[in-house]
Structures are given as structure tokens and as C-alpha cells.
Amino acid sequence: MRKLYEYSGKIETFIVEVLLIAMAILVFIAGVSRTIHRPIGWANPLASFLFAWSVFMATDAAFRENKIMSVNILVNKLPERMKSYTKLFNYFVILAFCIFLIVFGIKVSYIMRFRTFEGMYGFSYMWAGLSVPVGGFLILVTTIFKISDEIKTLREGNKSQNKS
């Protein structure tokens, strides 16, 4: 299961890189086309759609690699065991938030199913809205792995304390 998770992380990172490059190219082309008085009406809405997906996928990719910003001034002064409990508490808060994102993201996506992007008629906002529950699910899976790892760390700490 861990290998599948790690492999999916590599795929996710690649997709995020492609989305970011595509967004940059689309915005650049849209800007140039406006400058020459030939605007492309669908370029900016499509870039917004790609942005919605890249935000959640990039958040998960950064979270997987522990590259999310955090303020650890107080936590770093705690004993190792308390640091682990603090991490676990934070992970459970993130878990609850991810469940919220999934549930309400599905509801909002369903509500937006008939609304279309300006300049991209027939392309439903639902597809952009689905980035919220899908991203929430990806972050939820990462959080579950982090909780599992932290519990293993706590157990190993207990075993080493019992031996001494």
C-alpha cells in the first residue's frame, strides 16, 4: 500500500507541474492575443480551471513532503513525546477539515453543475468544483499515512523506554 501511495505521489507531482506550465502558457498567450487585438475568450477561464485543480494537488504534494509552512516556536521546546501528540492533534484537525471539504465540495459541485464558464459554454463549473472533494480526499489519504507514521514513532519510543 505504501508503494502505491508513493507512486501516486510522483504522478500527482508530475500532473501539478504540467498544470502550472499549462496555466503559465495560457495566461501568456491570452495576454499576447489581447495585445494584438485578437483575444482568446476561453484562455483565462481555462487557466482558472487548471488553477483550481493545481491548488489542491500541489497542497497534497507539499504536505506529503513536509513542505507546508508551520510555526514551531513553542512546539520545538516540548519533549519529543509531546511533539508527537501535538502532531497527532493537528493531523486529526486536518482529517476533520478534509472530511468537511469532501462532503461540502460534493454538494457545491452538484449545485454548480448547470453553471458554465464564461467563454467556455458547455463546460460546467462542476468540473472545477470537483477539485475541492478530490483534493480533500488526496490530503485525507496523506493525513492518514502521517497519523499512522506518528503512531509508529510513538510506539517505538515506548518500546525503547521500556527496555531502558
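This is a predicted model: local features need pLDDT of at least 70, side-chain atom pairs count only at pLDDT 80 or more; totals for chains, interfaces and linings use all residues.
Helix H1 passes helix H2 in a left-handed crossing.

**The H1–H2 pair**

H1 covers residues 2–35 and H2 covers residues 43–64, and the two pack with their axes 8 Å apart, at an angle of about 150°. Angles over 145 degrees count as roughly antiparallel, and H1 and H2 are therefore roughly antiparallel to each other. What kinds of residues make up the contact of H1 with H2? The contact divides into 19 nonpolar, five polar and four charged residues.

H2 also passes a simple length check: its 22 residues should span 32 Å at 1.5 Å a residue, and its end C-alpha atoms lie 31 Å apart, which agrees. Just after H2, Asn 66 takes a positive phi of about 55°.

**Aromatic rings**

How many aromatic pairs turn up in a search of the whole structure? The search finds eight. One of them joins Phe 63 and Tyr 91: the ring centres are 6.2 Å apart and the planes stand at 70°, so the pair is edge-to-face. Phe 63 belongs to H2 and Tyr 91 to helix H3 (residues 80–111), so this pair ties together parts that are 28 residues apart in sequence.

Here are the two partners side by side:

| Residue | Relative accessible area | Class |
|---|---|---|
| Phe 63 | 11% | buried |
| Tyr 91 | 11% | buried |

Ring pairs also link a cluster, made up of Phe 49, Phe 117, Phe 123 and Tyr 125.

Definitions and conventions: Residues are numbered from 1 along each chain as its sequence is written. Side-chain values use heavy atoms; hydrogens and water are left out. Axes are lines fitted to C-alpha atoms, for helices over the stretch in contact, and angles run from 0 to 180 degrees between N-to-C directions. Helices (H or I, at least four residues) and strands (E, at least two) are DSSP runs, numbered from the N terminus. Angles under 35 degrees count as roughly parallel, over 145 as roughly antiparallel, 65 to 115 as roughly perpendicular and the rest as oblique. A crossing is left-handed if the near helix is turned anticlockwise from the far one by less than a right angle, and right-handed if clockwise. Ala, Val, Leu, Ile, Met, Phe, Trp, Tyr, Cys and Pro count as nonpolar, Asp, Glu, Lys and Arg as charged, and the others, Gly among them, as polar. The expected span of a helix is 1.5 Å times one less than its number of residues. Rings of Phe, Tyr and Trp (its six-membered ring) pair if their centres lie within 6.5 Å; planes under 30 degrees apart count as stacked, over 60 as edge-to-face and the rest as tilted. Buried means under 20% relative accessible area, exposed over 50%, partly exposed in between (1.4 Å probe, protein chains only).
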